[in-house]
Amino acid sequence: MIGTARTQRVPGDAADVDVLVVGGGISGLATAWWLQREGITVELWERDARPGGKIRTDAAGGYVSERAAALMMNFRPEVTQLLAESGLDAAKAPRSAGAARRYLVEQGRLVAVPTAMGAMLGSPLWSARGRLRVLLEPFVPRGGHAGETVSEFVSRRLGRELLEKAMEPFIAGPLASDPDRAEARATLPRLKALEQRYGSIAAGVLVHKLLGRRTAHPTETFSFEGGMATLIRVLAATPGVRLRAGRAATGLEPRASTWRVTGCGAQGECAVSARHVVLGVPASAAAQLLVPVDRELAGLLRGIEYAPLVVVHLGLPRPAIEHPLDGAGFLVPRREGLPLNGNLWMSSLFPGRAPEGYALLTSYLGGARRPQAFDWDEERAISTVLATLKPLLNIGGTPAIARIHRHRYALPLYHGDYLGRLAAIDARLSPLPGLHLVANYRGGVSVRDRIACGRAAAGSIATALGKRPSATVDAQSSPALGAATA
Ligand SMILES: Cc1cc2nc3c(=O)[nH]c(=O)nc-3n(C[C@H](O)[C@H](O)[C@H](O)COP(=O)(O)OP(=O)(O)OC[C@H]3O[C@@H](n4cnc5c(N)ncnc54)[C@H](O)[C@@H]3O)c2cc1C
């Protein structure tokens, strides 16, 4: 471990604001929204001129494309509450009725993944042996070890075939992760909890169904009119949140009962004293600010691995694609040996994403599976995507447009003893009252989980400030720290 030195708190203590949020991605913006709802004064510093962090929508030439989050899959009441109270409900763009289907690549062709359990078992995706192994899941005894990986957990409970054909592409696609290294408890907390509690995943699902647990908040897939940028625009304009775009935090110093944060921007250097500071920035940026405060905490944060991702958007004449594009898109199991992790059919998912007569296809390259794709030049990335899509979708023409975006630190990887790392981070935070870490390396990477984590952080800040949090959310839905997404 790195040195344990912590700085001493120094006197000089009047607070300028109740809370300073550092970082204007969805984590910081959502936390600020929940804070102002509690009547707390909030200032938010965002390093870039534009808030939103990784989330950004590009609209030009009739195409509306997303640089990061393309959609939300919500079943959390906190998210429903934020959308209703912020007015975002009116801008919601639900997934098109015909785009519920999802595909997997199986032996070089697309196979639809059935959603109902009965149809799932009857699907041509599974061999008779693989199907039988899934059916035996309720009879598999509880087991596993503390650091069990996703691959170990899923193959122990459901068999190798389900791991390779269904779970691996889900972990490698939306999470950009590697199931051989991802910690099961951190990545699939709900499935692990079902095993712990009911002895089997199937038994747990059945009990939850009988108790109607999930039906109270059915899963809804949507974006917004104008894309995910609308979510950012509305949250960034929240009355009661003083947004300072173009201002980066450069220093953090604990005082007797406040935090002094220094920063720089177009107007030069500045400083603010806040009773609470929320760091809504990636782990490495938080680590940099925390070195003078607690070097061990900074080291724990710096040790969090991130996966790179390349997003490639292709606009194609619709008649050039033979496939009906009757779904959301597809994921690619590693065993297929293809360079893509997945492909979203954005113009099927939401109306208005491509000009009339054209389709917009969004592909993801890289992740933990193939990080070297991050360094491919534009031409190689685009031609690789096109060559992979052509036989799967029967594409005859050439793209009308191509857009490419790179994220070197796209998503945190919940690899190794991840929950152990989070517990160590929590332990270092406890003697630092007023300091909060709210970003996608804690509590889930999805936009849904970021909003829910912001709610939880705002609740504890309100309590610490002596306000009674006005939560209406049931305790069951609070995000478990360490939950990746599922
Ligand atoms: C390619 C891709 C596709 C995705 N698809 C989906 C999807 O379809 N659905 C979904 O739910 N999720 C998706 N995600 C996940 C989701 O988009 C991210 O997890 C989420 O946007 C991260 O938000 P954040 O606020 O934690 O971090 P960021 O977006 O990284 O925001 C951090 C902010 O902090 C700022 N900052 C850094 N240092 C400082 C400083 N010193 N001072 C001030 N500001 C600072 C940065 O400029 C940045 O704006 C996707 C992610 C990627 C990369």
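A residue counts as buried when its relative accessible area is under 20%, as exposed when that value is over 50%, and as partly exposed in between (1.4 Å probe, protein chains only). By this rule Asn394 is partly exposed, with a relative accessible area of 41%. The structure is a predicted model, in which local features need pLDDT of at least 70 and side-chain atom pairs count only at pLDDT 80 or more, while totals for chains, interfaces and linings use all residues. Residues are numbered from 1 along each chain as its sequence is written, and side-chain values use heavy atoms, with hydrogens and water left out.

Contact here means heavy atoms within 4.5 Å. With neighbours within four places in sequence left aside, Asn394 is in contact with Ala320, Ile321, Glu322 and Leu389. Ala100 is 294 residues from Asn394 in sequence, and their C-alpha atoms are 21 Å apart in space. Helix 14 itself (residues 378-393) holds Thr384. Thr384 is buried, at a relative accessible area of 15%. Again leaving aside neighbours within four places in sequence, Thr384 is in contact with Pro339 and Trp376.

After helix 2 comes Gly87, with a positive phi near 90°.

The next step is to look at the chain by domains. The bounds come from an automatic or database domain assignment, which gives domain 1 (17-47 + 246-304 + 414-477), domain 2 (57-73 + 92-99 + 306-412) and domain 3 (115-211). The centres of domain 2 and domain 3, taken over C-alpha atoms, are separated by 27 Å. At their interface, 12 residues of domain 2 are in contact with 15 residues of domain 3. Buried area is the accessible area (1.4 Å probe) that two parts lose on being put together, summed over both. For domain 2 and domain 3 this comes to about 1,000 Å², 55% of it on carbon and sulfur atoms. On the side of domain 2, Leu331, Arg334 and Arg335 lose the most area to domain 3, together 46% of what that side buries.

Charged side chains also take part in this interface. Side chains of opposite charge can pair when their charged atoms come close. A salt bridge is a side-chain nitrogen of Lys or Arg within 4 Å of a carboxyl oxygen of Asp or Glu, and the rule finds five salt bridges across the interface of domain 2 and domain 3. Glu168 forms a salt bridge with Arg334, with the closest N and O atoms 3.8 Å apart. Both residues belong to a network of salt bridges that links Glu168, Asp178, Asp180, Arg181, Glu305, Arg334 and Arg369.

The structure holds 34 salt bridges, and some others are worth a visit. Arg160 forms a salt bridge with Glu164, the closest N and O atoms being 3.1 Å apart. Arg160 and Glu164 both lie in helix 6 (residues 160-172), four residues apart, about one turn of the helix. An α-helix has 3.6 residues a turn, so residues three or four places apart point the same way. Arg160 counts as partly exposed at 46% relative accessibility, and Glu164 is partly exposed too, with a relative accessible area of 25%.

Another salt bridge joins the side chains of Asp426 and Arg442 (2.3 Å, N to O). Asp426 lies in helix 15 (residues 418-429) and Arg442 in the loop between strand 19 (435-437) and helix 16, so the pair ties together parts that are 16 residues apart in sequence. Asp426 is partly exposed, at 30% relative accessible area, whereas Arg442 is buried, at 10%. Finally, Arg47 forms a salt bridge with Asp48, the closest N and O atoms being 3.7 Å apart. Here Arg47 is exposed, with a relative accessible area of 59%, and Asp48 counts as partly exposed at 32% relative accessibility.

How values were computed
Helix = DSSP H or I, 4+ residues; strand = E, 2+ residues; numbered from the N terminus.
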